[in-house]
Amino acid sequence: MKKALALLATCAQCFGASYFNNDSVAPNGEKIHQDLSAYELYFGGAAQAGSSSPTRDSAIWYKRKEIKTWATGYKDLRYGTSSSNSIADKWKTPEKSLGAVTSSEPTEDVVCLGDGGEITYTFATPIVNGSGVDFAVFENGFDANYLELGYVEVSTDGVHFVRFPNFYLGETEVIDMDVTEAGDVYPEDVYNLASKYESGYGHGFDLGELEYAYNYALTDGSAFSDEYRKSLLENFGFLDLNNILYVKIIDIYGDGSCVDSEGHPIYDPTGPNNEAPGIDIKGIGVLNTIPEPATFAALFGAAALALALRKRSK
């Protein structure tokens, strides 16, 4: 069952200020579909609930040529703890989530964070706020509807993190993959949570949306919860959107105890006796970054050579 637009506060007629102030395109560039007559909203175009072939507006294919670099290190790794879900040692392999994703198929080359675990990734060069998607988070989803979700946060100084605004529209509790009908998370219900796509596709994030969200949080009638709004306003000033050095992923324990930016419960596959609970990260690809010094030198050298040859030809 879908959460009504009135609850999401996206309908300007219902709650004044609307985060989604464009009827067809979300701030992250993803297509949206609003059905005001039914008070429903879908992310990813007009796909219907339960679609097995969702549109992939914010998806980044792992071989996409625009990916320039990948996460090179990590810090502050904390595995989730659960009496019923202990992570098997073979999934405690953060090194496998560094560098390029090399396969579209689900793989064991991941790090599993466990219920409520987290990790912060580092990069050789900063992520910058360029055109469109700036980076993408790749998860190990088995199919289009078996999705384990996580919050995504970024930082310049490694201390003050800003979480991407996120919304979850589902209202049905998800058990685990052994319970077929209760194991589905529909991509069209998910906004700015990693990852709403199956293995091979990364969920793209646009740093420019954080500035949009900050300005929106300053308006009267914001749909954000008090907790999210307070954190955003307190930490945004420490960000340099053209010098992002850290990306933090926090697993969402999907029993409804974790909430989205409006305070609505989030559900994803949750159940006992799982040796790989929580989000399984394959990698983080960067589309917009500052070239490394060696690249600058090569470009400068090429330009100098071209200028010299041009002068000699005259």
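## Stop 1: the second largest pocket

This is a predicted model. Begin with the second largest pocket, whose lining divides by class into four nonpolar, four polar and four charged residues. Its space is about 240 Å³.

Select Tyr151, Glu153, Arg163, Asn166, Ser225 and Glu227, which are among the lining residues. Now colour by element. β9 (150-155), α4 (226-235) and β15 (255-259) each give at least two residues to the pocket lining. α4 has the largest share, with three.

Is Cys258 buried or exposed? Cys258 counts as buried because its relative accessible area, 18%, is under the 20% cut-off.

## Stop 2: the largest cavity

Which residues line the largest cavity? Select Phe161, Val162, Arg163, Tyr228, Ser231 and Leu232. β10 (162-163) and α4 are the elements that give two or more residues to this lining. α4 gives the most, three residues.

The structure holds one cavity of 30 Å³ or more. The space in the largest cavity is about 30 Å³. By class, its lining has four nonpolar residues, one polar and one charged.

## Stop 3: aromatic rings

Show the aromatic side chains. How many aromatic pairs does a search of the whole structure find? The count is 19.

Zoom in on Phe43 and Tyr191. Their rings form a tilted pair, 5.0 Å centre to centre with 35° between the planes. Phe43 belongs to strand β2 (residues 40-43) and Tyr191 to strand β12 (residues 190-191). The pair links distant parts of the chain, 148 residues apart. Phe43 is buried, at 1% relative accessible area. Tyr191 is buried too, at 0% relative accessibility.

Now widen the selection to Tyr19, Phe20, Phe43, Phe167, Tyr191, Tyr212, Tyr216, Phe224 and Tyr228, which form one aromatic cluster.

## Stop 4: charges over rings

Select Lys248 and Phe161. Lys248 lies over the face of Phe161, 4.1 Å from the ring centre.

Next, pick Lys92 and Tyr79. The charged end of Lys92 sits over the ring of Tyr79, 5.4 Å from its centre.

## Last stop: cysteines

Select Cys112. Cys112 is buried, with a relative accessible area of 0%. The disulfide count is zero.

Notes: Residues numbered from 1 in each chain as written. Predicted model: local features only at pLDDT ≥ 70, side-chain atom pairs only at ≥ 80, totals over all residues. Heavy atoms only, no water. 1 Å grid on protein atoms, 1.4 Å probe; cavity = no way out; pocket = protein on both sides within 12 Å on 5 of 7 lines; lining within 4 Å. Points joined across faces, edges and corners; volume = space filled by probe spheres on them. Helix = DSSP H or I, 4+ residues; strand = E, 2+ residues; numbered from the N terminus. Nonpolar A, V, L, I, M, F, W, Y, C, P; charged D, E, K, R; others polar. Disulfide = S-S within 2.5 Å. Buried < 20%, exposed > 50% of the residue type's maximum accessible area, 1.4 Å probe, protein only. Phe/Tyr/Trp six-rings, centres within 6.5 Å; stacked < 30°, edge-to-face > 60°. Lys NZ or Arg CZ within 6 Å of the ring centre and 35° of its normal.
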